[in-house]
Amino acid sequence: MTTAFVQRLRRFRRDESAATAVEFAILFAPLVFLILASLQLSLIFFAGQCLQSAAMSSGRQLMTGSAQQAGLTQAQFKTKVCSNAPAMFNCNGIMVDVESGTTFSGTSTSAPAVTYDAAGNVTNSWTYSTGGPGDIVVLHVMYNWPVVAAPLLPGLANQSNGDHLLVATSVFKIEPY
């Protein structure tokens, strides 16, 4: 190596005129990823709370006996749930499971398992047992929330189709009617 080349290398190593731009370029991609992941997580939490509010409002129809007295079918009750949900939800994607029992200990509150076909469509047929006065009802309202950039955010997509399953649960005892 020539001395001129060595001198240029030493000068280049000490030169800090573009160090901030290089450091910013290195940190820009992880920073943007972190911001987008935070926004996606915030949307999932917000949608989950909205779905929980819809479940609570719809569950009141069952708790007071008005849904039972009106003879609402499963499709009609799902329409009621959909009317209580904000516009951010597609009504066709809302899934409603209503189970009833005579005691709290004898009623399962665990979230139902969702199964999918090869095209990623839900294949479950949900229960619709509204119960009668004094019965315990477990209402599950579920929705597959799409996760943007699911391969980059594997922890947020908890379903095999790349979506995040939101589950809102309401457990209550039916009032006498």
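## The overall layout

The chain is built from four helices and three strands, where helices (H or I, at least four residues) and strands (E, at least two) are DSSP runs, numbered from the N terminus. Read from the N terminus, the order is α-α-α-α-β-β-β. This is a predicted model, so local features need pLDDT of at least 70 and side-chain atom pairs count only at pLDDT 80 or more, while totals for chains, interfaces and linings use all residues. Residues are numbered from 1 along each chain as its sequence is written, and side-chain values use heavy atoms, with hydrogens and water left out.

## Size and surface

Picture a box of roughly 95 × 30 × 30 Å along the principal axes: that's what the C-alpha atoms fill. The radius of gyration is 26 Å, whereas a compact globule of 177 residues would be near 16 Å. That radius is taken over C-alpha atoms, and the globule rule is 2.2 Å times the number of residues to the power 0.38.

About 10,800 Å² of the chain is accessible surface, and carbon and sulfur atoms own 60% of that; the areas come from the Shrake-Rupley method with a 1.4 Å probe. Of the 177 residues, 33% count as buried. Buried means under 20% relative accessible area, exposed means over 50%, and partly exposed is in between (1.4 Å probe, protein chains only).

Helix 4 covers residues 74–84, and its buried residues are Phe77, Val81 and Cys82. They line one face of the helix, because seen down the axis they fall within an arc of 145 degrees; the arc is that of the directions from the helix axis to the C-beta atoms. An α-helix has 3.6 residues a turn, so residues three or four places apart point the same way.

What do these buried residues pack against? Their partners are helix 2 (19–63), helix 3 (66–69), strand 1 (95–101) and strand 2 (136–146). Turned away from the buried side, you'll find the exposed residues Ala75, Thr79 and Ser83.

## A closer look at Val137

Val137 sits in strand 2 and is buried, with a relative accessible area of 0%. Setting aside neighbours within four places in sequence, its contacts include Leu62, Val98, Phe172 and Ile174. Thr109 is 28 residues from Val137 along the chain, and their C-alpha atoms are separated by 9.4 Å.

Methods
Contact = heavy atoms within 4.5 Å.
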